[in-house]
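This report describes one structure for a reader who has not seen it before.

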Amino acid sequence: MAEHAKTFNVYTSWQGSKLSTRLIGPNGNVITDSQAGNNGGRYEAGKTFQMLEVKDPASGAWNIEVSWADAPPVPEQVNISIAEKSDVFAWMNGFRPRYSVNEPVTINVNRGKCSEQ
């Protein structure tokens, strides 16, 4: 997360069942759906999506843990989108078409400053 980021959003979507998402900040703080509304953040969910927003997130490396709250009977695709509102442009790479269950997903980010204040 860039220094002075205004918000950090994690969106997940899937075909059915139910997901559980946890965000772990660089300081070890855990943010779940019930804690997302603290400090001006928010949580939104529907039958096949959820969004967690953190306001004024701590700068540094964040971890995202996604697990099945209600596992599907057959494997289904899960989509994860990450957005940061800041003065920094980030290009993300490192995705593969498939991952194994419990396999960590590493996302490499190359970033550069877009504008000077």
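## Strand pairing

In this predicted model, β1 and β5 run antiparallel and are joined by seven bridges. Within this part of the structure, Thr-12 stands opposite Gln-50 in β5.

β1 and β5 belong to an open sheet of four strands, with the order β4-β5-β1-β7 and antiparallel pairing. At the edges are β4 (42-45) and β7 (78-85), each of which pairs on one side only. On average, neighbouring strands of this sheet are turned by 10° against each other, with direction ignored.

## Positive phi angles in loops

Most residues other than glycine have a negative phi. Which phi value does Ser-17 have? The angle is positive, about 55°, although Ser-17 is not a glycine. Ser-17 lies in the loop between β1 (7-14) and β2 (18-24).

Asp-56 is another residue other than glycine with a positive phi, here near 50°. Its place is the loop between β5 (49-55) and β6 (63-70).

Is Ser-17 buried, exposed or partly exposed? Ser-17 has a relative accessibility of 26%, and buried means under 20% while exposed means over 50%. Ser-17 therefore counts as partly exposed.

Asp-56 has a relative accessible area of 55%. Because this value is over the 50% cut-off, Asp-56 is exposed.

Technical notes. Residues numbered from 1 in each chain as written. Predicted model: local features only at pLDDT ≥ 70, side-chain atom pairs only at ≥ 80, totals over all residues. Heavy atoms only, no water. Helix = DSSP H or I, 4+ residues; strand = E, 2+ residues; numbered from the N terminus. Buried < 20%, exposed > 50% of the residue type's maximum accessible area, 1.4 Å probe, protein only. Pairing = 2+ DSSP bridges. Axes fitted to C-alpha atoms, helices over the stretch in contact; angles between N-to-C directions.
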